[in-house]
Amino acid sequence: MQTQIGQTTLELVRGDITGQDVDAIVNAANQSLLGGGGVDGAIHRAAGPDLLAECRAVGGCETGDAKITGGYQLKARYVIHTVGPIYFIHLGNAPRLLGSAYRRSLEVAAAHNLTSVAFPSISTGAYGYPVRKAALVALGAVIDFLSKQPHRLTLVQFVLFDDKTLAAYEAALRELVEA
Ligand code: ADP
């Protein structure tokens with residue numbers, strides 16, 4: 001499923017983000033930036049050990065913020081590491097922090113003049129954010145950025161790992177586009 005936001009195609013696909021041929025893939029990292037499970041582990045395995053070495057030098061990332069590194073053995077030239085909220089810890093602040101993770105990732109992409117970026121579903125794995133709620137926040141934040149901020153993005157993808165997550169994002173996008 002896809003939709004057009006100004007000059008940018010916003011696309012939802014099912015797949016593995018590590019193989020995506022875009023300028024940058026976004027990593028759902030933790031504050032240490034030293035690797036973890038889920039999509040973070042998969043990205044580090046695919047990028048190779050030089051990614052961890054650069055992440056060590058970056059020195060961490062606050063929840064809701066984003067940091068950029070090289071992509072090393074990935075097809076993507078860059079990895080944008082962002083940290084989403086932990087649903088049952090951040091509670092009432094979770095929607096704001098999740099929106100911020102997407103917005104800050106796109107600000108970093110725009111600052112590097114990137115034209116294509118792929119996101120995973122941030123916070124909906126180990127961090128426990130209900131996927132339908134997360135999808136509305138994620139797509140709302142991305143659409144808001146693409147329609148209001150200066151950037152050169154022509155493609156923003158959500159690369160979703162399973163059918164349930166893809167279906168949740170498709171339902172949320174329909175809801176937002178019809179609104
Ligand atoms: P978080 O800690 O932010 O919740 P997780 O990595 O645990 O991050 O999960 C986030 C989402 O990423 C989940 O929907 C999970 O299924 C998905 N995921 C895991 N591996 C990959 C991958 N290789 N490509 C895309 N998405 C993935």
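In the predicted model, Ala47 is located in helix 1. With a relative accessible area of 0%, Ala47 is buried, because burial requires a value under 20%. Leaving aside residues up to four places away in sequence, Ala47 touches Gly71, Tyr72, Gln73 and Leu74. Between the C-alpha atoms of Ala47 and Phe158, which stand 111 residues apart along the chain, the separation is 19 Å.

The largest nonpolar core contains 40 residues. Within this core, the residues with the most contacts are Leu10, Tyr102, Phe119, Val142, Phe158 and Tyr169. At least two core residues are supplied by each of strand 2, strand 3 (24-28), helix 4, strand 6, helix 5, strand 7 (155-160) and helix 6. Helix 5 makes the greatest contribution to this core, with 11 residues.

Val142, one of the residues with the most contacts inside the largest core, touches Leu10, Tyr102, Leu106, Phe119, Val156 and Phe158, when residues up to four places away in sequence are not counted.

Aromatic residues were then considered. A pair of aromatic rings is described by the distance of the centres and the angle of the planes. Over the whole structure, six aromatic pairs are found. One of these is formed by Tyr87 and Tyr129, whose rings lie 4.7 Å apart centre to centre with 55° between the planes, a tilted arrangement. Tyr87 lies in helix 3 (residues 87-90) and Tyr129 in the loop between strand 6 (116-119) and helix 5 (131-148), so that this pair links distant parts of the chain, 42 residues apart. Tyr87 and Tyr129 are both buried. The rings of Tyr102 and Phe119 also form a tilted pair, because their centres are 4.9 Å apart and their planes meet at 50°. This second pair likewise links distant parts of the chain, with Tyr102 in helix 4 and Phe119 in strand 6, 17 residues apart. Both Tyr102 and Phe119 are buried. Together with Phe158 and Tyr169, Tyr102 and Phe119 form one aromatic cluster. These four residues are also listed among those with the most contacts inside the largest core.

Charged side chains provide a further set of contacts. Side chains of opposite charge can pair when their charged atoms come close. Six salt bridges are counted in the model. In one of them, the side chains of Asp163 and Arg14 meet with an N to O distance of 3.1 Å. Asp163 counts as exposed because its relative accessibility is 53%.

A salt bridge is also formed by Asp65 and Arg104, whose closest N and O atoms are 2.8 Å apart. Here too distant parts of the chain are linked: Asp65 lies in the loop between helix 2 (49-58) and strand 4 (66-70), and Arg104 in helix 4 (residues 94-111), 39 residues apart. Arg104 is partly exposed, with a relative accessible area of 25%. Another salt bridge joins Glu107 to Arg103, with 3.5 Å between the closest N and O atoms. Both Glu107 and Arg103 belong to helix 4, where they are four residues apart, about one turn of the helix. Glu107 is partly exposed, at 30% relative accessibility, and Arg103 is partly exposed at 38%. Through salt bridges that share partners, Asp65, Arg103, Arg104 and Glu107 are joined into one network.

Finally, open space in the model was described. The largest pocket has a volume of about 590 Å³. Its lining consists of 31 residues, of which Ala28, Gly38, Val39, Ser121 and Gly125 lie nearest the centre of the pocket. Two or more lining residues are given by each of helix 1 (38-47), strand 7 and helix 6. Helix 1 provides the largest share of this lining, with five residues; helix 1 is also the element in which Ala47 is placed.

Note on methods
Residues are numbered from 1 along each chain as its sequence is written. This is a predicted model: local features need pLDDT of at least 70, side-chain atom pairs count only at pLDDT 80 or more; totals for chains, interfaces and linings use all residues. Side-chain values use heavy atoms; hydrogens and water are left out. A salt bridge is a side-chain nitrogen of Lys or Arg within 4 Å of a carboxyl oxygen of Asp or Glu. Buried means under 20% relative accessible area, exposed over 50%, partly exposed in between (1.4 Å probe, protein chains only). Rings of Phe, Tyr and Trp (its six-membered ring) pair if their centres lie within 6.5 Å; planes under 30 degrees apart count as stacked, over 60 as edge-to-face and the rest as tilted. A nonpolar core is a set of buried Ala, Val, Leu, Ile, Met, Phe, Trp, Tyr and Cys residues joined through side-chain atoms within 4.5 Å. Contact means heavy atoms within 4.5 Å. On a 1 Å grid over the protein atoms alone, a cavity is a set of points where a 1.4 Å probe fits but cannot get out, and a pocket is an open set with protein on both sides within 12 Å along at least five of seven lines; lining residues have an atom within 4 Å of a point. Grid points are joined across faces, edges and corners, and a volume is the space filled by probe spheres set on the points.
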